[in-house]
Amino acid sequence: VQVVESGGGLVQAGGSLRLSCAPSGGTVSINSMAWYRQAPGNQRDLVASISFYGGSPNYADSVRGRFTISRDNAKNTMYLQMNSLKPEDTAVYYCNVRVDVAGGVWQYDYWGQGTQVTVSS
């Protein structure tokens, strides 16, 4: 299974970008999906996550109100709409796909290769 990310790029402060992510190359039972980001010299931090079983999405305080995470269960695809972007949002964004194994007894994480988001001031 590979995790395919798209939608990164260069945008001016105040602009918008939309990231998408989907697993490919196999049939998986998705438990949840999430976006993490890592800026140079920093650790990888959670940006937003969403369960494929329902419930409210989870956001980092720094992006709440500006970013919206959503999912399309039929397509096994997750989206991250990023509005009002700031220079401090500049980072490599990584998609995480958590799948259920053995009927949900345990989970396994797949990671994308990352997509660069650069916000200029």
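# Briefing: core, disulfide and charged residues

Met82 touches Gly15, Ser16, Leu17, Leu19, Arg66, Phe67, Tyr93 and Val117, not counting residues up to four places away in sequence; contact means heavy atoms within 4.5 Å. This is a predicted model, in which local features need pLDDT of at least 70 and side-chain atom pairs count only at pLDDT 80 or more, while totals for chains, interfaces and linings use all residues. Residues are numbered from 1 along each chain as its sequence is written, and side-chain values use heavy atoms, with hydrogens and water left out.

**Nonpolar core**

- Met82 also belongs to the largest nonpolar core, which has 29 residues; Trp35, Leu80, Met82 and Tyr93 touch the most other members.
- The elements giving two or more residues to this core are β3 (17–24), β4 (30–38), β5 (45–51), β7 (67–72), β8 (77–82), β9 and β11 (115–120).
- Strand β9 gives the most to this core, with five residues.
- A nonpolar core is a set of buried Ala, Val, Leu, Ile, Met, Phe, Trp, Tyr and Cys residues joined through side-chain atoms within 4.5 Å.
- Buried means under 20% relative accessible area, exposed means over 50%, and partly exposed lies in between (1.4 Å probe, protein chains only).
- Strands (E, at least two residues) and helices (H or I, at least four) are DSSP runs, numbered from the N terminus.

**Disulfide**

- The count comes to one disulfide, defined as a pair of cysteine sulfur atoms within 2.5 Å.
- This disulfide joins Cys21 to Cys95, with an S to S distance of 1.9 Å.
- Cys21 lies in strand β3 and Cys95 in strand β9, so the pair ties together parts that are 74 residues apart in sequence.
- The disulfide is left-handed because the torsion about the S-S bond of Cys21 and Cys95 is about -75°.
- Cys21 is buried, with a relative accessible area of 1%, and Cys95 is buried at 0%.

**Salt bridges**

- The whole structure has four salt bridges, each a side-chain nitrogen of Lys or Arg within 4 Å of a carboxyl oxygen of Asp or Glu.
- Arg37 pairs with Asp89, the closest N and O atoms being 2.9 Å apart.
- Arg37 is in strand β4 and Asp89 in the loop between β8 and β9, so this pair ties together parts that are 52 residues apart in sequence.
- Arg37 is buried at 14% relative accessible area, and Asp89 is buried at 1%.
- Asp61 and Arg64 meet in a salt bridge of 2.6 Å, N to O; Asp61 is exposed at 66%, whereas Arg64 is partly exposed at 45%.
- Arg98 forms a salt bridge with Asp109, with the closest N and O atoms 2.7 Å apart.
- Arg98 lies in strand β9 and Asp109 in strand β10 (residues 106–111), so the pair ties together parts that are 11 residues apart in sequence.
- Salt bridges that share partners join Arg37, Arg66 and Asp89 into one network.

**Asp100**

- Asp100 lies in strand β9 (residues 91–101).
- Asp100 is buried yet has no salt bridge, and the nearest side chain of opposite charge, Arg98, is 7.9 Å away.
- For charge, Lys and Arg count as positive and Asp and Glu as negative, while His and the chain ends are not counted.
- The Asp100 side chain makes polar contacts with the side chains of Tyr53, at 2.3 Å, and Gln107, at 3.0 Å.
- A polar contact is a pair of N or O atoms within 3.5 Å; within protein, one must be able to donate a hydrogen and the other to accept it, and residues adjacent in sequence count only if both atoms are side-chain atoms.
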